[in-house]
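Me: I am new to this one and would like to go through it step by step. Could we begin with the inside and then turn to the strands?

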Amino acid sequence: MAEPYIPQMGIEYPSDPFQRMLTVEVEDSSKGKFQFDETYPYLDESFKYKWNRFLGWFVQWIAADFWNHTHFGLKVEGKKNLKGYGKQLKGGAMCVCNHVYVFDALCVYQATLRHVIRIPMYAKHFNGKMGWFMKYVGGIPVPETPGGLRAFNEAFDEYHRRGDWMLIFPEAVRWNWYAPIRPFKRGAFAMAYKYNIPVIPFTITYRPRKGLYRLFGPKNLPCMTIHAGHPILVDRTAQKKKEVDRLRSEAHAQMVAMSGISPNPWPDALEGD
């Protein structure tokens, strides 16, 4: 296997793998700001939401898809790994991916060709400049209150009942252009266990900008490839904690292998997490 391409972007990464590197640019006006408690519509059935979801779908599949394939040179590999799992995936799936650039969620959409994926996201982003786009491409803010958490869980129970897929970035925070696979939080795998849905690992890797792609971005900006792994099925007969840890460990191992980073500098989880 060829050595993985490591972008040289001049970024100094923290020693804490869960340290947030990006600040949220919140709109100055308090008008229209969301409160992430039980009053937020985690399950929104309004006409306004459905209309904006349609517009979001249009932006996602026309403008953002074009941008991902030109500016970032997106390629998809490993779709064959999902074949033969139609029955298991019919009731939904938990997609997990490394969190490495602003449009990484769209990479998963384009790798799966799904039109509906529900994505728990850092709540403060929904009051930021990209809040509209994040909400209407499937983002659901992670609540900041116990009442909000109950409403959030009830909404995801309904999304699961409908067979919607889910996407969580188990590295928790975004580190732009980072190549190794960081440790994972347990949340995605606990949800997969709860809903008895397969975990599908995805990994974004980088390529040097060559050929026509040099016309669409700076030469130091990498091109992207997203790799689909093999679905990991949940064993509901196993004790929950052990099974969640197994799902996390196996997903991490697949993603490390797809990244080509050897040895990977991080374990699958931090001690005590």
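This is a predicted model: local features need pLDDT of at least 70, side-chain atom pairs count only at pLDDT 80 or more; totals for chains, interfaces and linings use all residues.

Me: How many cavities of 30 Å³ or more does the structure hold?

Reply: The structure holds 1 cavity of that kind. The volume of the largest cavity is about 40 Å³.

Me: Which residues line the largest cavity?

Reply: The lining consists of Tyr40, Pro41, Tyr42, Asp44, Tyr49, Lys135, Gly139, Ile140 and Tyr159.

Me: And how do the residues of that lining divide?

Reply: There are 6 nonpolar, 1 polar and 2 charged residues in the lining.

Me: On to the strands. Is β3 mostly covered or uncovered?

Reply: Strand β3, residues 117–121, is mostly covered, with 5 of its 5 residues buried. Both faces are covered: one side carries Ile117, Ile119 and Met121, the other Arg118 and Pro120, and all of them are buried.

Me: What does β3 pair with?

Reply: It pairs with two strands. Ile117 is placed opposite Trp165 of β5. With β4, residues 139–141, the pairing is also parallel and is made over 3 bridges. There, Met121 stands opposite Pro141.

Me: Which helix does the chain pass through from β3 to β4?

Reply: The chain passes through helix α4, residues 131–136, and this β-α-β crossover is right-handed.

Me: What happens just after α3?

Reply: Leu113 takes a positive phi there, of about 60°.

Me: What is the disulfide count?

Reply: The count comes to 0 disulfides. Cys95 is in none, and the nearest cysteine sulfur, that of Cys97, lies 9.0 Å away. A disulfide would require two cysteine sulfur atoms within 2.5 Å.

Me: Is Cys95 buried or exposed?

Reply: Cys95 counts as buried because its relative accessibility is 0%, and buried means under 20%.

Me: And what about Cys97?

Reply: Cys97 is in no disulfide either; the nearest cysteine sulfur belongs to Cys107 and is 7.0 Å away. Cys97 is buried, with a relative accessible area of 0%.

Me: Now the backbone. Is the peptide bond from Ser262 to Pro263 cis or trans?

Reply: That bond is cis, with omega near -5°. Pro263 is in the segment after α7, which covers 240–259. For context, most peptide bonds are trans, and most residues other than glycine have a negative phi.

Me: Where is Ala172, and what is its phi?

Reply: Ala172 sits in the loop between β5 and α6, the latter being 187–195. Its phi is positive, about 80°, although Ala172 is not a glycine. Ala172 is partly exposed, with a relative accessible area of 36%.

Key
Residues are numbered from 1 along each chain as its sequence is written. Side-chain values use heavy atoms; hydrogens and water are left out. On a 1 Å grid over the protein atoms alone, a cavity is a set of points where a 1.4 Å probe fits but cannot get out, and a pocket is an open set with protein on both sides within 12 Å along at least five of seven lines; lining residues have an atom within 4 Å of a point. Grid points are joined across faces, edges and corners, and a volume is the space filled by probe spheres set on the points. Ala, Val, Leu, Ile, Met, Phe, Trp, Tyr, Cys and Pro count as nonpolar, Asp, Glu, Lys and Arg as charged, and the others, Gly among them, as polar. Buried means under 20% relative accessible area, exposed over 50%, partly exposed in between (1.4 Å probe, protein chains only). Helices (H or I, at least four residues) and strands (E, at least two) are DSSP runs, numbered from the N terminus. Two strands pair if DSSP finds at least two bridges between them. A crossover is right-handed if, with the strands pointing away from the viewer, the path from the first strand over the helix to the second runs clockwise.
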